[in-house]
Each structure stands twice: as C-alpha cells, then as structure tokens.
Amino acid sequence: MSNHLSEETFDLSITHKNIHTRSPEGLPTPGVPDWVWSVDHPYLHGVFAPVADEASVNDLTLEQGMLPDDLDGLYVVNGPNQRFKPTGRYHYYDGDGMLHAIYLSGGTAAYKSKWIRTQPFLEEEQQGHSIWPGLCGPFNHDLPGAPIKDNSNTDVIFYQGKLMSLWYLAGAPQAIDPLTLETLGQETLADTLNHNLSAHSKVDPRTGDLIFFNYKDTKPFMTYGVANAAKGIRTDVPIDLPGPRSPHDIGITERYSILHDLPYFHDAEILARHKKRVVRFHHDVPARFGLIPRYAETDNVRWFEAKPCYVLHVVNCWEEGQCVVMIGCRQSNPGGNRDPEDGPLASQLAERRRTHQLYEWRFDLMTGLTQERALNDLNLEFPTINNRYLGIPSRFSYLQLLPEPPKGEGVEGRCQTFDALVKYDFETNEYQRYDYGEGVSGSESCFAPRSGVCGELAEDDGYVITYTHSRNDWISRCLIFDARNIAKGPIATVRMPRRFNVGFHATWVDGVDLRSDTEAR
C-alpha cells in the first residue's frame, strides 16, 4: 500500500452522493489499499472500504464494562474485502472473502483476520492483479473455473470441526481452520461432493446434519441434499424448477426442508447472448415454497404458493400441528427504486435500498393452502436466533434495522448500513432496540449461550455479539450485550486493533465445540 493517491485525484461523485468518506474532523478512511481512491463506488469507501492486509492481535483493549467469564467461543464475520483493483465495473458482492474473528475466553479477547484463499484468489495473488470480472460482467467463459470470480464471501458456518465459507451464487465451499483461519482447501464432504453449495446451508444442532442446496443455469436448476459423515448419510436430489432461479436461503424443521422458488431471477437468454446477468422481479408470478422430507431420495416436493415476493433470509421454521411455519424477511419490491443520478451504478445501488417486512407463512399440510401475514413494519433483516432452536419453535430473533429508502438530500440511507440491533419477541410481537448511533454501522449479530452451565438454559440466557464500524473515529469495536436486555446497551465494549469494513454474515462457535471438534479432526 502506498499513500500518493487520494480522493482528490479522481472523480468520486457517485461515491460522495452515497457515503461519507471522511470523519467529521475531515480524516479519510485509514488502512485502505491505494487503488481504492481511483474507483467511484460507495461500497469501496467509508465504512465499506476494504483493508489492505491481514492481522492477528492478542489481548485486545476493553473500552467499557467487563467481559463475562461464561462467554467462551468464537464470533466470526465473512464479507467482501477486495484485494486488487477490480477489472470492469465493481459490484458490492464481488469483494474477496475475508474473515474477521474475535476469540473470547476467560475474560480475554483476541482478533484474527484472513482472506479466504479460493483458487481464483490464489491465481490473482500470484499474478498481482484482478483477473476475473465480477457480477456486472461481462461473464467470461474462457477463464478457468468460472466466468466470474467465486469469492466465497457471503456466509460462514461451522461443520464437523471446521468453518465453511459459502458464496451466495453457489460456489465451491471452502474448509477453514477455525483457530488459525487458514484456508484448508475446497470442502468435499469426504469426497462425495461433485457440485457447488449455496450460502445459508444449515447445520442441525441436534442431529449434526448439513442440509444444503445448489442452483445453476442448467438442468437440474436446483439440487437439494443432506450430509452427515458420522451417520453415513449422504443424499442429493435434483429439484424440478421452471428455469434458472436465484434462491438465497433454505428453511428446515425437524422433518422437512423448505426450498424457495421466487419470482426474482435473471433471463438465461440475455446472459448467454450479452454475457450480463440481468435480474428482474416478475410481479405476476407467485412465490413458491417447496416442502421436501429431509431425507428424500427423489424429487418429492410439495409446493405452496404465496404472494409474489423475494426472501433473502429466513429467521426460523418449525412444525405446528398440521402446519409448517416459516418466519422470514419479505421483500415486495426486491429491485428497489433506481436513482438516475447514480449513473451506471443505479441498478445495483437500488437493490441495497430495499425495504423488508418481518413476515410469517403457514403451509397447511392438510389443505395445501398458505396463510401469510406481516408481523412488523420495521425495516428488519439479517436475522439470527439462538441456534440451538434451529428448526423447532423459537421465541426470539436478533435482527438489524436497515435505513428506510432516502427521501431527501444527504447521504443518510443511501447505502445499506446496520443502524440498530433489534430483539424481536414472536410470542408478544414486542421488541427491544439499541441504536448504534449516528455514523456507526453494526454487523449481523450472533447469540452466544452462557458456557459451563448445568441444566437447561432459557432461550435468551446468554449474550448477543456484534461488530460496529464508526466513521466518527474510524474505529471498529465488538459490542457484547446481555441478550435478555439489549436495550440497556452493551455490557462490554472491545476496541478492535484496527478499522475493518462492514461484512455480510456471521456465526458463533461455542468454545467447547471449537476445542473438542478441532481436536477430533
């Protein structure tokens, strides 16, 4: 990294319209790669600006409160951190995957961050520059592996002693050592995996099953499967869809999985002819949710129709009498509303200004009908729960409050920041809220149960952990809340050793699982 370039050197008009690039005192974002100043894209600046290198620091500084003795484990966030200057037009989803992890144990905290070293990353690292285009294309099928870069930057889960990073367009899952964050190579599920996996594959905390899906532009357009090496389970089921789709999540209950066929997808002919992936919302096509028995070996899907929408993320699903219940974050206009002043970035920036509703669908197994209703009008997304309740009835979720679409001048609300942490109670439909403050964005938060406790814990007996990123002082922090009362504010605040950027998805790994599973590997 050098320092001879600055934002005054280049035209950053779209960036300045959408994001603050300086602190209130006028200080530019620190620690960024030098090339960033030459690219006019708001998701490469401010709180979204990538860092230039990896880091590892022990004994982090505690700014406020005390770290609980019964908080033991790993909180890790995956997200885009572009290493080299992009080739072609950049998209926020293009950045190279980087993990930012905080290790909490015995009242101490340590930090590690590493890039996810996919095969494309290694090739670009060797060449010293970007090779693959991103989501804006043009898709180049002459490049090895894939026509755009599979960067594994979207999701991270913990499965059989390893972290697994996943890409939202269905890519090669990467196995990662949770203690060192070293990329171990492509995850093969004991040499049984011959296709990609999408982000948001699920690990059942009671059975150890990995429930996954894959999607692509050729038949079969979707594949569903289950893996559990300890039990010798391995299934792969092709799913019959009308054409290529863009599902983002999957739901699970104790007996079923819920697949998504949603009317927000690209035109395969346009992609083939123009090498551009053009996504459109089809208002006249119903949403479909497919219930499939978890261990089905054939395409035994029962489809339920619902109002047209898109769903990025599911909160939780469970069985209740003759119904399967799914709670998620529904979008009625997934393309957003474009601002012509955003020029060539108008479409992709509009997508990040979407509004969401916390929503409930009930799929009646007796009648085949769907009941649906909105639960709340806040713009909530990036939901997490106490993962021990995945697939069974749960009461609480921890979500991020996103900005409402902008209505006037100024940059506020023009980029998708996380403005507040919300704990939602599905039993009472009430919520608690903690605002991060002006100029501060949070991260997807995780619930961490209290460790070393004998007997059953209440669902919210534990802690909620998140990173915050402030443009006020260009400092990243880790906030730890008592999950029972997040409105009271964090019980501890850890100052991270450097600023890093807002990420996508996170996971929590209990210390006992971290140690026992990695020792068994």
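Student: Is tryptophan 474 buried or exposed?

Tutor: Tryptophan 474 counts as buried, at 6% relative accessibility. (Buried means under 20% relative accessible area, exposed over 50%, partly exposed in between, with a 1.4 Å probe and protein chains only.) This is a predicted model, in which local features need pLDDT of at least 70, side-chain atom pairs count only at pLDDT 80 or more, and totals for chains, interfaces and linings use all residues. Residues are numbered from 1 along each chain as its sequence is written, and side-chain values use heavy atoms, with hydrogens and water left out.

Student: Where does tryptophan 474 lie?

Tutor: The loop between strand E30 (462-470) and strand E31 (475-482) holds tryptophan 474. Helices (H or I, at least four residues) and strands (E, at least two) are DSSP runs, numbered from the N terminus. Although tryptophan 474 is not a glycine, its phi is positive, at about 55 degrees.

Student: And what is phi at asparagine 429?

Tutor: Asparagine 429 is a residue other than glycine with a positive phi, near 60 degrees. The loop that contains asparagine 429 runs between strand E26 (420-425) and strand E27 (430-435). With 34% relative accessibility, asparagine 429 is partly exposed, whereas tryptophan 474 is buried.

Student: Staying with the backbone, which bond joins glycine 137 and proline 138?

Tutor: Glycine 137 and proline 138 are joined by a cis peptide bond, with omega about 0 degrees. Proline 138 sits in the loop between helix H2 (119-127) and strand E6 (155-159). A further cis bond runs from lysine 219 to proline 220, where omega is near -10 degrees. Proline 220 belongs to the loop between strand E11 (210-215) and strand E12 (222-228).

Student: Now the strands. How many residues of E22 are buried?

Tutor: Strand E22 (residues 357-364) has seven of its eight residues buried, so E22 is largely enclosed by the rest of the structure.

Student: Which strands does E22 pair with?

Tutor: Strand E21 (residues 323-331) pairs with E22 over eight bridges in the antiparallel sense. Strand E23 (residues 370-376) also runs antiparallel to E22, and six bridges join them. Two strands pair if DSSP finds at least two bridges between them. Tryptophan 361 of E22 is the bridge partner of methionine 326, and in E23 the bridge partner of tryptophan 361 is glutamate 372.

Student: What do E22 and E23 form?

Tutor: They form a hairpin with five residues between the strands, and glycine 368 in the turn has a positive phi of about 80 degrees.

Student: What is the order of the open sheet that includes E33?

Tutor: Its five strands follow the order E1-E5-E4-E3-E33, with antiparallel pairing. Strand E1 (55-57) and E33 are the edge strands, each pairing on one side only. E33 is joined to strand E3 (residues 73-80) by six bridges, and tyrosine 75 has tryptophan 508 of E33 as its bridge partner.

Student: Changing topic, which residues lie nearest the centre of the largest pocket?

Tutor: Val203, Asn387, Leu390, Thr507 and Trp508 lie nearest the centre, out of 47 lining residues. Here a pocket is an open set of points on a 1 Å grid over the protein atoms alone, where a 1.4 Å probe fits, with protein on both sides within 12 Å along at least five of seven lines; lining residues have an atom within 4 Å of a point.

Student: Which element gives the most to that lining?

Tutor: E33 gives the most, with six residues. Other elements that give two or more residues include strand E10 (202-203), strand E14 (251-252) and helix H5 (511-520).

Student: Is cysteine 446 buried or exposed?

Tutor: Cysteine 446 is buried, at 4% relative accessible area, and cysteine 415 is buried, at 4%.
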